[in-house]
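Visitor: I am new to this structure and would like to be taken through it.
Guide: Here it is, before any questions.

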Amino acid sequence: MKQFILAAGMLSFFAGQALAADIEAGKAKATEVCASCHGVDGNSTSHDFPKLAGQGEDYIRNALNLYKSGARKNPIMASMAGPLSKQDIENVAAYFASQKGLIVKQDN
């Protein structure tokens, strides 16, 4: 039983390592797939497309997975997210999350 638990733990560890995000690969994929609408760094200049820079990595990853699966409906995003691999999604999410987003000043 101990060997099974150890093996399961190691498998889980290495599976997590396989999906470690690569920000440079995310930048390359974002430049190729996302930049025309969302901007290279995720700071879209159009009100028609959301700014992705500085958004949470989990949020971007989940949104892309939902578009990819069809659970979140948007024909344009479905066609963009559909061909992305799990690794592409991890990388793109990490890249956009690492970018400087819109800063909102609050009056105190």
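The questions and answers below go from the overall fold to single residues.

Visitor: What kind of model is this, and how are residues numbered?
Guide: This is a predicted model, in which local features need pLDDT of at least 70, side-chain atom pairs count only at pLDDT 80 or more, and totals for chains, interfaces and linings use all residues. Side-chain values use heavy atoms, with hydrogens and water left out, and residues are numbered from 1 along each chain as its sequence is written.

Visitor: What pattern does the protein follow along the sequence?
Guide: Helices (H or I, at least four residues) and strands (E, at least two) are DSSP runs, numbered from the N terminus. The protein has five helices and zero strands. Read along the sequence, the pattern is α-α-α-α-α.

Visitor: How much of the protein counts as buried?
Guide: Buried means under 20% relative accessible area, exposed over 50%, and partly exposed in between, with a 1.4 Å probe and protein chains only. The protein has 108 residues, and the buried share of them is 27%.

Visitor: What distance should helix 5 span, and how far apart are its end C-alpha atoms?
Guide: The expected span of a helix is 1.5 Å times one less than its number of residues. Helix 5 covers residues 86-98, which is 13 residues, so it should span 18 Å. The end C-alpha atoms of helix 5 agree with this, being apart by 18 Å.

Visitor: Which helices are included in what covers the buried residues of helix 5?
Guide: The buried residues of helix 5 are D88, I89, E90, N91, V92, A93, A94, Y95 and F96. What covers them includes helix 2 (23-38) and helix 3 (57-69).

Visitor: At what angle do helix 2 and helix 5 pack, and how is that described?
Guide: Axes are lines fitted to C-alpha atoms, for helices over the stretch in contact, and angles run from 0 to 180 degrees between N-to-C directions. Helix 2 and helix 5 have axes 7 Å apart and pack at about 95°. Angles under 35 degrees count as roughly parallel, over 145 as roughly antiparallel, 65 to 115 as roughly perpendicular and the rest as oblique. Helix 2 is therefore, relative to helix 5, roughly perpendicular.

Visitor: Which residues of helix 5 does helix 2 meet?
Guide: Contact means heavy atoms within 4.5 Å. On the helix 2 side are I23, A25, G26, K27, K29, A30 and C34. In helix 5 they meet D88, N91, V92, A94, Y95, F96 and S98.

Visitor: Is E90 buried or exposed?
Guide: E90 lies in helix 5. Its side chain and that of R61 are joined by a polar contact (a pair of N or O atoms within 3.5 Å; within protein, one must be able to donate a hydrogen and the other to accept it, and residues adjacent in sequence count only if both atoms are side-chain atoms) of 2.9 Å. The relative accessible area of E90 is 14%, so E90 is buried.

Visitor: Which residues does A20 contact, leaving aside neighbours within four places in sequence?
Guide: A20 sits in the loop between helix 1 (2-18) and helix 2, and at 44% relative accessibility A20 is partly exposed. A20 and E90 are 70 residues apart in sequence, yet their C-alpha atoms are 7.4 Å apart. Leaving aside neighbours within four places, the contacts of A20 are Q87 and N91.

Visitor: Which residues does L64 touch, not counting those up to four places away in sequence?
Guide: L64 is in helix 3 and counts as buried at 10% relative accessibility. Beyond four places in sequence, L64 touches M77, A81, L84, I89 and V92.
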